[in-house]
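This report describes strand pairing and nonpolar packing in one protein model. The sequence and structure come first.

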Amino acid sequence: MTTIARAAAVSPDALRETFSHFPQAVALIGAEVDGTPLGLVASTVTAGVSLDPPLISVAVQTTSSTWPLLRAAPTLGVSLLGAHQSLLVRQLASKDRASRFSGIDPVITTDGALTIPGSPAHLWTRLYNEVEAGDHTVALLEILDTNSLEGTDVRADDPPNTDALVFHRSEFKGMTAP
């Protein structure tokens with residue numbers, strides 16, 4: 001048996017490094033608010049929180065200036081981003097909110113949920129509940145509908161890219177199913 005001494009407090013840098021070993025899916029949470037497309041990139045989405053009711057969770061920094069606008073939207077689109085969208089993620093996560101959607105033609109439902117075309121999967125959700133959790137807010141989103149490229153009709157010469165985009169070891173990486 002080995003006995004070790006633990007630190008009295010874990011530093012944020014040590015936590016980031018430790019958490020970086022755990023790949024996390026990358027998603028865009030989006031809505032059109034007052035005629036403007038808004039979205040935030042999250043790598044803290046947890047799928048399958050509940051099947052009845054169907055829920056996912058996302059942790060949002062309390063300092064986010066986008067979440068207070070999104071949380072008031074009647075519905076939210078969730079685009080589970082693909083490996084082929086890694087460059088797009090940096091644009092969507094830009095501090096310059098006005099240029100996040102430059103050159104992007106998002107799909108917007110009649111009730112304002114916004115998704116990114118070409119993403120391997122989409123969910124349409126609404127805010128179910130929120131829990132304050134330290135420097136984050138954990139938002140529970142109720143799933144209203146879903147769609148994924150897997151199994152959909154596509155042209156043979158243009159197959160969907162269903163490889164997931166994950167954030168792992170502080171980098172965006174593609175994760176391919178066998």
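## Pairing of strand 6

Strand 2 and strand 6 run antiparallel and are joined by four bridges; strands pair if DSSP finds at least two bridges between them. Helices (H or I, at least four residues) and strands (E, at least two) are DSSP runs numbered from the N terminus. Leucine 80 in strand 6 stands opposite alanine 27.

Strand 6 also pairs with strand 9 (residues 121–133), in the antiparallel sense, over five bridges. There, threonine 125 of strand 9 is the bridge partner of leucine 76.

## Basis of the model

The model is predicted: local features need pLDDT of at least 70 and side-chain atom pairs count only at pLDDT 80 or more, while totals for chains, interfaces and linings use all residues. Residues are numbered from 1 along each chain as its sequence is written, and side-chain values use heavy atoms, with hydrogens and water left out.

## Burial and contacts

Four of the five residues of strand 6 are buried (under 20% relative accessible area; exposed is over 50%, partly exposed in between; 1.4 Å probe, protein chains only). Leaving aside neighbours within four places in sequence, leucine 76 has contacts (heavy atoms within 4.5 Å) that include Ile29, Trp67, Leu70, Trp124 and Leu141.

## Nonpolar cores

A nonpolar core is a set of buried Ala, Val, Leu, Ile, Met, Phe, Trp, Tyr and Cys residues joined through side-chain atoms within 4.5 Å. The largest one has 20 residues, and Leu40, Val58, Trp67, Leu70, Leu76, Val78 and Leu141 touch the most other members. Elements giving two or more residues to this core include strand 3 (36–42), helix 2 (67–71) and strand 6 (76–80). Strand 2 gives the largest share, four residues.

A second, separate core has 11 residues, among them Leu88, Phe101, Leu114 and Leu165.
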